[in-house]
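Visitor: Could you walk me through this model, one piece at a time?

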Amino acid sequence: MREQAELDSVDWHILEELQNDATLPNRSLAEIVGLAPSSCLQRVRRLRELGVITGCHAVVDPATTGLPLEAVVAVNVRPHTRPVVAAFRAFVMAQPETRSVFHVSGQADFLIHIAVADSTHLQAFLMDKIASRTEVRNLTSSVVLERVETRALTPPANLRPTHRRRKA
């Protein structure tokens with residue numbers, strides 16, 4: 001597990017703004033969070049170096065690309081060992097239908113978010129790619145009726161820093 005980074009209120013403000021629009025020019029970001037552009041750039045670089053910001057990406061609407069049907073597939077694998085889990089995760093991530101994979105505790109071992117063209121494509125993915133694997137014990141699929149976008153990660157009120165970090 002990674003070490004927790006020390007974040008102050010300005011760091012969290014920067015993170016919230018970048019999560020909502022990663023294309024913000026540094027000068028605009030600095031103005032929004034109340035910093036000089038050079039200080040803002042230093043903070044963003046620090047957040048990247050600490051591994052808090054791990055990348056930036058475009059959000060693509062699957063429906064506009066011909067993949068309007070999304071589903072979440074719950075999968076159990078056996079034996080639930082590191083080699084089996086790693087191999088299954090690598091296989092699922094290599095599939096073009098896969099949007100995200102979560103290795104979880106609880107009833108399922110994996111939750112897989114997929115986007116497909118239609119119900120025939122969904123059936124083929126489930127039967128031919130997932131259920132046919134020897135380590136898969138069972139699976140359940142749920143069609144996504146509505147996708148609510150991921151919101152910016154912000155700390156709960158009781159954990160939100162109210163101070164600015166002092167320079168070392």
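Guide: Gladly, and one definition comes first: buried means under 20% relative accessible area, exposed over 50%, and partly exposed in between (1.4 Å probe, protein chains only). This is a predicted model, in which local features need pLDDT of at least 70 and side-chain atom pairs count only at pLDDT 80 or more, while totals for chains, interfaces and linings use all residues. Residues are numbered from 1 along each chain as its sequence is written, and side-chain values use heavy atoms, with hydrogens and water left out.

Visitor: In what order do the elements of the chain run from the N terminus on?
Guide: Helices (H or I, at least four residues) and strands (E, at least two) are DSSP runs, numbered from the N terminus. The chain has five helices and four strands. Their order is α-α-α-β-α-β-β-α-β.

Visitor: What radius of gyration does the chain have?
Guide: This radius is taken over C-alpha atoms, and the globule rule is 2.2 Å times the number of residues to the power 0.38. For a compact globule of 168 residues that rule gives a value near 15 Å, but the chain has 20 Å.

Visitor: Which residues of helix 2 are exposed?
Guide: Let's begin with the buried ones in helix 2 (residues 26–33), which are L29, A30 and V33. Seen down the helix 2 axis, they fall within an arc of 100° (taken from the directions from the axis to the C-beta atoms), so they line one face of the helix. An α-helix has 3.6 residues a turn, so residues three or four places apart point the same way. On the other side of helix 2, the exposed residues are R27 and E31.

Visitor: What covers the buried residues of helix 2?
Guide: Here contact means heavy atoms within 4.5 Å. The cover includes helix 1 (9–20) and helix 3 (37–49).

Visitor: Is E97 buried or exposed?
Guide: E97 sits in the loop between helix 4 and strand 2 (98–103). Leaving aside neighbours within four places in sequence, E97 is in contact with H113, I114, A115, V116, H121, F125 and K129. Its relative accessible area is 9%, so E97 counts as buried.

Visitor: Which residue caps the N-terminal end of helix 5?
Guide: Within helix 5, L122, F125, L126 and I130 are buried, and the buried residues pack against strand 1, helix 4, strand 2, strand 3 and strand 4 (136–143). At the N-terminal end, a side-chain oxygen lies 3.2 Å from the backbone nitrogen of T120, and it belongs to D118.

Visitor: What is the length of the polar contact between the side chains of H103 and H80?
Guide: H103 lies in strand 2 and is partly exposed, at 40% relative accessibility. A polar contact is a pair of N or O atoms within 3.5 Å; within protein, one must be able to donate a hydrogen and the other to accept it, and residues adjacent in sequence count only if both atoms are side-chain atoms. For H103 and H80 the length is 2.9 Å.
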